[in-house]
Amino acid sequence: MSQAPFYVSPEQLMKDRADFARKGIARGRSVVVLRYDEGILLLAENPSPTLHKIAEIYDRIGFAAVGKYNEFETMRQAGVRYADLRGYSYHRSDVTARGLTNAYAQTLAGVFTTESKPFEVELVVAELGLTADTDQLYRLSYDGSVIDETEHVAIGGQADAITATLKDLRTSVMPLSEVFDHGVRALATATSGTLATKDLEAAVLDRNASGHRTFKRLSDALMVSLREDED
């Protein structure tokens, strides 16, 4: 006698996939992205000098991620290809965070609903506006859902604790040194300890940069200087 095929309701299947993705993301160290008066700061707890969580996508667009490295690196590479192709086919100004976010959301949603395993990632796409009031921050979840953020956004296992620490803080009117200090303190609070500079990865999208590209990684020496400015 043949047995009836094993059945799982669509609701239970989606719930199991979501739980799986959330557990994977929760194991990762957090990232916080904050606006400051002359740009956008991307800051991560990341002791690895080579496996970056923060990257440049295009002229004025930055990328931050948590979760499984190979999966978010796949997303980063896809974003660079998307941006390069669109910028070459049309115009550099046609490459926007909103367009990239839509492309990422479709990919994540497709994997979540059709593949056997969802991507264990959370992403932030940040675009530096020509003026401060046109800066854009988008947070993407493993299922393709998108949240439009304003002043700052945290992702990763301790995102809720970091968000609570930064609540009601208007970082977009503060200088970089002050925002950097708030970001480091928020990351440290979430881990119930202190963070050494060597365990940080940081970059900025700088509105005062010359030329097309605004992305700049912060060296350990510069991060030490920023921390000393706030001591």
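A202 counts as buried, with a relative accessibility of 2%; buried here means under 20% relative accessible area, exposed means over 50%, and partly exposed is what lies in between (1.4 Å probe, protein chains only). This is a predicted model, in which local features need pLDDT of at least 70 and side-chain atom pairs count only at pLDDT 80 or more, while totals for chains, interfaces and linings use all residues. Residues are numbered from 1 along each chain as its sequence is written, and side-chain values use heavy atoms, with hydrogens and water left out.

A202 sits in strand 9. Leaving aside residues up to four places away in sequence, A202 touches L41, L42, L43, I54, F180, R217, L218 and M223, where contact means heavy atoms within 4.5 Å. The C-alpha atoms of A202 and E45 are 8.8 Å apart, although 157 residues separate the two along the chain.

Now for the sheet. Helices (H or I, at least four residues) and strands (E, at least two) are DSSP runs, numbered from the N terminus, and two strands pair if DSSP finds at least two bridges between them. Five strands make an open sheet in the order 8-1-2-9-10, with antiparallel pairing. Strand 8 and strand 10 are at the edges with a single partner strand each, so one side of each has no neighbour in the sheet. On average, neighbouring strands are turned by 15° against each other, direction ignored. Strands 1 and 2 pair in the antiparallel sense over six bridges, and R35 has I40 in strand 2 as its bridge partner.

Axes are lines fitted to C-alpha atoms, for helices over the stretch in contact, and angles run from 0 to 180 degrees between N-to-C directions.

| Helix | Strands touched | Angle between directions |
|---|---|---|
| Helix 4 (residues 159-166) | strand 1, strand 8 | about 155° with strand 8 |
| Helix 5 (residues 176-191) | strand 1, strand 2, strand 9 (200-206) | about 25° with strand 2 |

Helix 4 has a buried side made up of A159, I162 and L166. Looking down the axis of helix 4, these buried residues fall within an arc of 65°, so they line one face of the helix; the arc is that of the directions from the helix axis to the C-beta atoms. Their packing partners are strand 1, strand 6 (136-140), strand 8 and helix 5. On the face turned away from that buried side, helix 4 carries the exposed residues D160 and A164. Just after helix 4, D168 takes a positive phi of about 65°.
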